[in-house]
Amino acid sequence: NPADARIVLVDAMKTVLPAYPPALCAKAHKELENLGVVVKTGMAVNQVMPDRVILKGETEEETILTRTVVWAAGVRASSLGKRLAESTGAQLDKKGCVLVQPDLTIAGHPDIFVIGDLANFKTPDGKTLPGVAPVAIQEGRYVAKIIKARISNRTRPPFQYRDRGKMATIGRTKAVADLNWIRLSGPLAWLVWLFIHLMGLVSFENRILVFFQWAWNYFSFNRHARLITEEFSK
């Protein structure tokens with residue numbers, strides 16, 4: 001029962017969701033605390049031991065007694081990136097992502113496209129696009145168009161990402177959304193998050209099916225457990 005657990009969220013950054021405006025960061029922090037989560041920002045994990053975690057801040061150190069640690073920091077790219085680098089000479093970043101050209105190809109290999117969270121695409125202002133679904137979807141559509149254009153001996157301008165904003169869910173009817181032109185939090189942001197994800201599904205039938213599944217889970221308080229298990233012989 002989650003109500004019997006003490007959940008401590010540790011983040012080395014000064015705030016949760018640092019990519020969001022300060023007001024939404026503060027709202028997310030408060031909502032987490034309302035859910036009973038102990039939020040510790042500005043503290044980095046220094047050591048993980050069998051029965052404890054040692055945290056270290058700028059001027060302090062803290063020990064949390066626990067045997068359950070969920071690590072969600074840091075993402076490494078697929079090993080495919082390394083294989084591409086070895087065979088094509090492509091450059092990789094520290095996460096193993098492939099540095100791509102403005103048209104999402106590998107330097108010197110205009111016939112090889114890399115998209116999604118395996119690609120390191122830098123915008124004109126030097127920022128790297130995040131490895132999230134909206135980026136991958138737009139990159140996929142761009143590559144489809146550029147291949148079609150090449151077949152017709154036409155050219156297309158470099159890839160440009162359209163940032164439609166960011167959203168994050170925190171809990172039941174709790175979310176924050178920065179849509180660039182408006183900032184939302186609470187139940188309204190949560191409904192917007194649901195609607196946008198629902199509209200992103202491919203067909204009308206899928207949207208209806210998922211809508212009824214979500215409605216059932218919401219009103220029945222149903223909790224799913226998705227486990228990947230493997231049998232080990234003794």
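Asn120 counts as buried because its relative accessibility is 5%, where buried means under 20% relative accessible area, exposed over 50% and partly exposed in between, with a 1.4 Å probe and protein chains only. The model is predicted, so local features need pLDDT of at least 70 and side-chain atom pairs count only at pLDDT 80 or more, while totals for chains, interfaces and linings use all residues. Residues are numbered from 1 along each chain as its sequence is written, and side-chain values use heavy atoms, with hydrogens and water left out.

**Around Asn120**
- Asn120 lies in strand S9 (residues 119-120), strands being DSSP runs (E, at least two residues) numbered from the N terminus.
- Leaving aside neighbours within four places in sequence, Asn120 is in contact (heavy atoms within 4.5 Å) with Asp93, Cys97, Val98, Leu99, Val100 and Thr128.

**Around Val8**
- Val8 belongs to strand S1 (residues 8-11) and, at 23% relative accessibility, counts as partly exposed.
- Not counting residues up to four places away in sequence, Val8 touches Val38, Lys40 and Ile64.
- The C-alpha atoms of Val8 and Val37 are separated by 5.8 Å, although these residues are 29 apart along the chain.

**The sheet S3-S4-S5**
- Three strands form an open sheet in the order S3-S4-S5 with antiparallel pairing, where two strands pair if DSSP finds at least two bridges between them.
- Strand S3 (44-49) and strand S5 (61-65) are the edge strands, each pairing on one side only.
- S3 and strand S4 (residues 52-56) run antiparallel and are joined by 5 bridges, and Val45 stands opposite Leu55 in S4.

Technical notes. Helices (H or I, at least four residues) and strands (E, at least two) are DSSP runs, numbered from the N terminus.
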